[in-house]
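The structure comes first, and the notes follow.

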Amino acid sequence: MRTEPLISVVVPVLDEESTIACLLDHLASLPGRWETIVVDGGSRDRTARLATGHAQRPIVIEAPRGRANQMNAGAAAARGEVLLFLHADTRLAAGAYSSLVEALRDPAVLGGNFRLHFDGGDRFSRLLGAWYRVQRRLGVYYSDSAIWLRRGAFDRLGGFRTLPIMEDYDLVRRLECAGRTACLPGPAVTSARRWRALGLPRTVTSWVVIRWLFLAGVSPERLARMYPNVR
């Protein structure tokens, strides 16, 4: 009998006491062969303790603060054939596993992401989602849409570079150049809360300007100081 692949979900967290239990409940409810790895970046609250004591029994490790460091540490601890990087405020669709398995049947597909919806159902969330879909058609996406890669592809690309910002986009650029990717239907649903205070024009402007400055060679350290502190 064919064994379906094990998919390792890597969740970088920092002070996520209010959301970690809900996230782990959600992951436990998904059909499929999943392994969950929570990577704490030095939380000052009960995040790591709550994750360790959760009924799902995730792997909980510590790593130096910073998403790149945390996601690389989670990947190093993972046993799965596929790595999926998930924000603490993003939720996968019930059919996520079957979508991944279907995509993996094509050996040319190295990785990708999920179609992304922002929660709330209001005009702001819909417009934000529409903008994200336009960017995805251009090969631009970020880790809030649940980036996933075959383990071999992640290793060949060298994982995430230890940048203070744009570490996810940097990996995506290299992934898109390496071979075929797939945007799976999902959708993954993430929070619009982080952006609502900025409003749509400032949110989109910050995304576009920072990305182009990054491509122009502006140092990630300078860009990190420009990035809206909305996380």
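Why does F85 count as buried? F85 counts as buried because its relative accessibility is 1% (buried means under 20% relative accessible area, with a 1.4 Å probe and protein chains only).

## Basis of the model

This is a predicted model, in which local features need pLDDT of at least 70, side-chain atom pairs count only at pLDDT 80 or more, and totals for chains, interfaces and linings use all residues. Residues are numbered from 1 along each chain as its sequence is written, and side-chain values use heavy atoms, with hydrogens and water left out.

## Aromatic pair F85–F154

There are seven aromatic pairs in the structure (rings of Phe, Tyr and Trp, the last by its six-membered ring, with centres within 6.5 Å; planes under 30 degrees apart are stacked, over 60 edge-to-face, the rest tilted). One of them is the tilted pair of F85 and F154, at 5.6 Å centre to centre with 35° between the planes. F85 belongs to strand β4 (residues 82–85) and F154 to helix α6 (residues 151–157), so the pair ties together parts 69 residues apart in sequence (helices, H or I, of at least four residues and strands, E, of at least two are DSSP runs numbered from the N terminus).

F154 also counts as buried, at 5% relative accessibility. F85, F154 and F160 make up one aromatic cluster.

## Surroundings of D40

D40 is part of strand β2 (residues 34–40). The side chains of D40 and S43 are joined by a polar contact of 2.5 Å (N or O atoms within 3.5 Å, one able to donate a hydrogen and the other to accept it; residues adjacent in sequence count only if both atoms are side-chain atoms). A polar atom of the D40 side chain lies 3.0 Å from the backbone nitrogen of G42.

Key:
Buried means under 20% relative accessible area, exposed over 50%, partly exposed in between (1.4 Å probe, protein chains only).
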